[in-house]
Amino acid sequence: MTAQPAGSEAGASESDAPARAVRAPRGSYPKGQARRQQIVDEALVVFARSGFHSGSLREIAKRVGLTPTGLMHHFANKEELFTEVLRQRDEKIRAAAGDPAEHTLIQQATKVVAYNQESRGLTSLYATVSAEATDEEHPAHEEFSRRYRETAAGATPLLRAAQEDGEVRSDIDPALAARLISAVMDGIQQQWLLDDTVDMNALFAEFVRGYLLPRD
């Protein structure tokens, strides 16, 4: 739901209505969108630190100068807000790393790791909530299960094609390797979140060199 248009005070005359109908969207819609984005930005901070269950709508509302009821004018519930935070996270990563195409999976994954190391809030959010989502009752359980499943399904034929062209070792199982790539990325980012002296880029490069690339 968008914020109520400015200039719609009770008691205004009917003759003012056409003018309000023209003017209101210009001022109120961008303002409402800006407020909605502010809520998403602050929700990212709260969810990244506290997770979904402990992340409080009251705290998010306070950070943007609203009451919890006022927050609900922009997002119907906590799940909707959380979904929007994840959607924007995915868009940012896609913009930074691109979508994996044939023979570019390793390069794309490397870009994702590099982006994650420069985006602590987003990385913390993903690590925190993906761990919580192992609970079957968590609202994001099915979403995270689907993400891992579809990521592996999409990566498998790309790895197989890269094997055929000699760009990836021929003695690995593409289906297992597709799952392993995600596991390694998640594992090294967990270590980095615990100790920021860990170099995720160097660790992933070592994994690629030692496991994926053909041996000389």
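Arginine 89 sits in helix 4, which covers residues 78–97; helices here are DSSP runs of H or I with at least four residues, strands are runs of E with at least two, and both are numbered from the N terminus. The model is predicted, so local features are reported where pLDDT is at least 70 and side-chain atom pairs at pLDDT 80 or more, while totals for chains, interfaces and linings take in all residues. Numbering starts from 1 along each chain as its sequence is written, and side-chain values rest on heavy atoms, with hydrogens and water left out.

The relative accessible area of arginine 89 is 9%, which makes this residue buried (buried is under 20%, exposed is over 50%, and partly exposed is in between, with a 1.4 Å probe and protein chains only). Setting aside neighbours within four places in sequence, arginine 89 is in contact with Leu122, Tyr126 and Arg147, where contact means heavy atoms within 4.5 Å.

What about the chain as a whole? The protein chain has nine helices and zero strands, so its elements, read from the N terminus, are simply α-α-α-α-α-α-α-α-α. Of its 216 residues, 38% count as buried. Among contacts with a separation of 6 or more, 61% come from residues 24 or more positions apart. The accessible surface is about 12,300 Å², and carbon and sulfur atoms own 52% of that; these areas come from the Shrake-Rupley method with a 1.4 Å probe, and for residues only the protein chains shown count as cover.

Now to the charged pairs. The structure holds eleven salt bridges, each being a side-chain nitrogen of Lys or Arg within 4 Å of a carboxyl oxygen of Asp or Glu. One of them joins arginine 147 to aspartate 90, with the closest N and O atoms 2.8 Å apart. This pair ties together distant parts of the chain, since arginine 147 is in helix 7 and aspartate 90 is in helix 4, 57 residues apart. Arginine 147 counts as buried, at 13% relative accessibility.

Arginine 147 also pairs with glutamate 143, again in a salt bridge, at 2.8 Å from N to O. Glutamate 143 and arginine 147 lie about one helical turn from each other because they are four residues apart in helix 7. Glutamate 143 is partly exposed, with 26% relative accessibility. Both of these bridges have a place in a network of salt bridges that links Arg89, Asp90, Glu143, Arg146, Arg147 and Glu150.

Further along, glutamate 206 and arginine 209 form a salt bridge of 2.6 Å, N to O. They are three residues apart in helix 9 (residues 200–212), and therefore about one helical turn separates them. Glutamate 206 is partly exposed, at 42% relative accessible area.

Arginine 120 belongs to helix 6 and is partly exposed, at 38%. Not counting residues up to four places away in sequence, arginine 120 touches Trp192, Leu193 and Asp196.

Finally, Asp135, Glu136, Glu137 and Glu142 form a surface patch of negative charge. Glutamate 136 lies in the loop between helix 6 (120–132) and helix 7 (141–164) and is exposed, at 65%. Patches take residues with over 30% relative accessible area and no salt bridge, joining like charges within 9 Å and nonpolar side chains (Val, Leu, Ile, Met, Phe, Trp, Tyr) within 5 Å. Lys and Arg count as positive and Asp and Glu as negative, leaving out His and the chain ends, and a charge is placed at NZ of Lys, CZ of Arg, CG of Asp or CD of Glu.
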